[in-house]
Amino acid sequence: MYKVIKGYETNSLNIAGLFQLVWGGDITEIEEKTEWAFYKTKSKIILYEDKDRLIAARGGIFWPLQINDNLINSIQFHGTCVHPDYRRKGIFTAINKEFLQSATNDKVEFIFNVSVDASRAGYEKLGWEYIKGFRRLTLFRKPLRIIKERRKPAVILNKETPKKHISDVLIRNRNEKLREYVHVPYSDDFIKWRLDNPKAGYEILENNNGAILYKKYRKGNALEIVIGECFLTSYSYSEFSKLIESLIKKENPDMIYTYIFNNHPLYNFYLRKFFLPNPFHFNLNFGTKVLNSGLKISEEKWALSYLDIDTY
């Protein structure tokens with residue numbers, strides 16, 4: 001029988017050590033992210049210990065979701081892992097059930113996450129429903145270079161976000177445009193908190209057409225850009241196109257991509273700009289778990305973007 005810890009009795013360094021063991025990476029960066037996700041943010045975590053050895057973690061951040069004027073008490077899952085020596089013992093299922101019961105007791109209404117293929121079946125056994133429409137869209141500017149460098153490791157170029165402010169007008173425009181969809185209601189405080197995630201690496205390009213939150217990766221000799229979210233002065237394709245062209249002129253990337261729901265008001269603008277979905281992996285694994293039986297959310301109402309799920 002494993003010891004269940006509901007809270008932070010185990011320090012963040014121990015949690016980060018487990019994360020590094022399972023996923024690899026630089027321990028200092030993992031420690032800083034763990035501090036942000038579990039100690040500086042309203043979050044929930046359940047840990048399993050076996051004889052004072054940390055063997056599993058199930059965590060999530062309380063995440064603001066809204067449709068019209070209705071706030072949804074939600075958690076975004078992240079940070080699930082089981083020590084390699086303890087796999088195939090039912091721990092993944094057990095710790096998730098423990099978390100769901102604790103979240104229900106806290107009157108959490110809804111949980112969502114983007115799963116890797118390997119864990120999807122496990123979540124489905126716990127009652128997760130995977131909805132269609134969350135996709136990666138890619139603009140290939142220099143496809144031959146991308147193909148040549150595709151096996152190289154991706155290195156983020158901006159490990160600190162120098163600017164953490166977007167015009168209030170752009171934020172209001174964006175929130176009003178997404179009002180009838182399930183979205184994250186942004187504010188200046190939310191943006192600052194969101195970009196305070198250590199090593200988030202976002203940059204902000206803002207001009208008369210709007211603003212783009214994006215980060216850059218170097219993969220060999222190729223430069224890749226991932227867009228977190230765009231904010232427009234007015235929601236027209238012309239304004240969107242000009243904003244993307246400003247980004248291209250500034251960075252000259254070999255490839256630009258984003259992750260976005262097909263109901264998002266910018267989705268068709270991306271398509272018109274020749275951002276293409278992956279035909280072999282059309283819908284990503286966007287999982288949902290409803291804890292409030294009275295909560296009904298239609299698939300057609302989702303409008304999240306990469307900035308909303310790039311948490312850890």
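User: How many aromatic pairs does the structure hold, and what counts as one?

Analyst: Rings of Phe, Tyr and Trp (its six-membered ring) pair if their centres lie within 6.5 Å; planes under 30 degrees apart are stacked, over 60 edge-to-face, and the rest tilted. This structure holds 28 aromatic pairs. Keep in mind that it's a predicted model: local features need pLDDT of at least 70, side-chain atom pairs count only at pLDDT 80 or more, and totals for chains, interfaces and linings use all residues. Residues are numbered from 1 along each chain as its sequence is written, and side-chain values use heavy atoms, leaving out hydrogens and water.

User: What kind of pair do Phe134 and Phe286 make?

Analyst: Their ring centres are 5.7 Å apart and their planes sit at 50°, so this pair is tilted. Phe134 is in strand 7 (residues 134-140) and Phe286 in strand 14, so the pair ties together parts 152 residues apart in sequence. Strands (E, at least two residues) and helices (H or I, at least four) are DSSP runs, numbered from the N terminus.

User: Is Phe134 buried or exposed?

Analyst: Buried means under 20% relative accessible area, exposed over 50%, and partly exposed in between (1.4 Å probe, protein chains only). Phe134 has a relative accessible area of 0%, so Phe134 is buried. Phe286 is buried too, with a value of 0%.

User: And how do I read Tyr237 and Phe269?

Analyst: Here the centres are 6.0 Å apart and the planes are at 65°, so the pair is edge-to-face. Tyr237 belongs to helix 8 (residues 237-251) and Phe269 to helix 9 (residues 267-272), 32 residues apart. Tyr237, at 21% relative accessibility, counts as partly exposed, while Phe269, at 13%, counts as buried.

User: Which residues have the most contacts inside the largest nonpolar core?

Analyst: A nonpolar core is a set of buried Ala, Val, Leu, Ile, Met, Phe, Trp, Tyr and Cys residues joined through side-chain atoms within 4.5 Å. The largest one has 54 residues, and Leu65, Ile166, Phe231 and Trp302 have the most contacts inside it. Strand 3 (residues 53-67) gives the most to this core, with 6 residues. A second, separate core has 22 residues, including Tyr214 and Ile248.

User: What does Trp302 touch?

Analyst: Contact means heavy atoms within 4.5 Å. Not counting residues up to four places away in sequence, Trp302 touches Leu65, Phe110 and Phe286, among others.
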